Amino acid sequence: MKQFLTAATLAVLAGTALADTTTVNGLTFNVTVDADFFNPPPGKQYGYSYVTVGNQSTAGMWGNFSEWEVLRSEFNITNLDSASSATLSFRFKGSYLGQNFNPSYPPNPTFSVGVGTYFGDNQAQVGDYYASLGSGLASIQYYPLAVDTVFTFDVTSQFQAALAAGAPALGVGMNIFTPDKFASFDNFTLTVTNVPEPSTYALMFAGLGLLGVAHRRKAPSHALGG
């Protein structure tokens, strides 16, 4: 009976280790740099910047020299294991033309927005406007693209690089520098799945093996052909 319990415990512990998954919700925000030469808002001057935090974020640009808005979302990775795989997901909420919002509006059949990652710091700040998005993660083509379309990307290498660099967060961003074109997204999530080391698999199979031996010893002799 003792051997049976030990084997069962080993198997359960190993199985639990194999199913270790962590979900991190993004700190999602916009960084806006306003360079309106002619009509800055009351109390503001040319070139001011500000941050807006919220679940939904938008990337885009008003006119040629007026306002740039970049999308950023950062995921806290300080307590996560480097021996893991990571998946990024987010949802498309709509596109814009000028000041008119239309979730299904195609700005241009070939218009797209690039997605990139960077090393973050778990803070929403103006400096994130200048965060380098590296070589880029993907390019999302707007048209035809339905509202609530969910995008999923494998960001394991980017996640592991951020951990190796000692970064407290993995950031994702989008920039659009095309006049009067915008794209909005929300529900930024990072799912990290533990990748067990070979010793974990060995523990599980050892536990299952002992479980089988204990069961065989317990079986009546006639069941064993005796």
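**Aromatic contacts, a sheet strand and a helix**

Guide: Let us begin with one side chain: phenylalanine 153 is buried, with a relative accessible area of 17%. Please bear in mind that the model is predicted.

Visitor: What is the mean pLDDT of the protein?

Guide: The mean is 78, and 64% of the residues reach 70 or more. Over residues 7-13 the pLDDT stays under 50, and the model has nine contacts beyond four places in sequence for that segment.

Visitor: How many aromatic pairs does a search of the whole structure find?

Guide: The search finds seven aromatic pairs. In one of them, phenylalanine 90 and phenylalanine 153 have ring centres 5.8 Å apart and planes at 35°, so this pair is tilted. Phenylalanine 90 belongs to strand β6 (residues 84-97) and phenylalanine 153 to strand β10 (residues 150-154), so the pair ties together parts 63 residues apart in sequence. Both of these phenylalanines are buried. Phenylalanine 153 also forms an aromatic pair with phenylalanine 151; that pair is stacked, at 6.4 Å centre to centre with 5° between the planes. Phenylalanine 151 is itself buried, with a relative accessible area of 16%.

Visitor: Which residues form one aromatic cluster?

Guide: The cluster is formed by Phe90, Phe92, Phe151, Phe153, Phe185 and Phe188.

Visitor: Turning to the strands, how many residues of strand β5 are buried?

Guide: Strand β5 (residues 67-76) is mostly covered, with nine of its ten residues buried. Its pairings can be read one by one:

- Strand β2 (residues 27-34) runs antiparallel to β5 and is joined to it by eight bridges; threonine 32 has glutamate 69 of β5 as its bridge partner.
- Strand β4 (residues 57-62) is also antiparallel to β5, with three bridges between them; here methionine 61 stands opposite tryptophan 68.
- Strand β11 (residues 169-175) is joined to β5 by six bridges, again antiparallel; alanine 169 of β11 stands opposite asparagine 76.

Visitor: What follows α2?

Guide: Glycine 166 follows α2, and its phi is positive, near 80°.

Definitions and conventions
Residues are numbered from 1 along each chain as its sequence is written. Side-chain values use heavy atoms; hydrogens and water are left out. pLDDT is the predictor's confidence in each residue, from 0 to 100. Contact means heavy atoms within 4.5 Å. Helices (H or I, at least four residues) and strands (E, at least two) are DSSP runs, numbered from the N terminus. Buried means under 20% relative accessible area, exposed over 50%, partly exposed in between (1.4 Å probe, protein chains only). Two strands pair if DSSP finds at least two bridges between them. Rings of Phe, Tyr and Trp (its six-membered ring) pair if their centres lie within 6.5 Å; planes under 30 degrees apart count as stacked, over 60 as edge-to-face and the rest as tilted.
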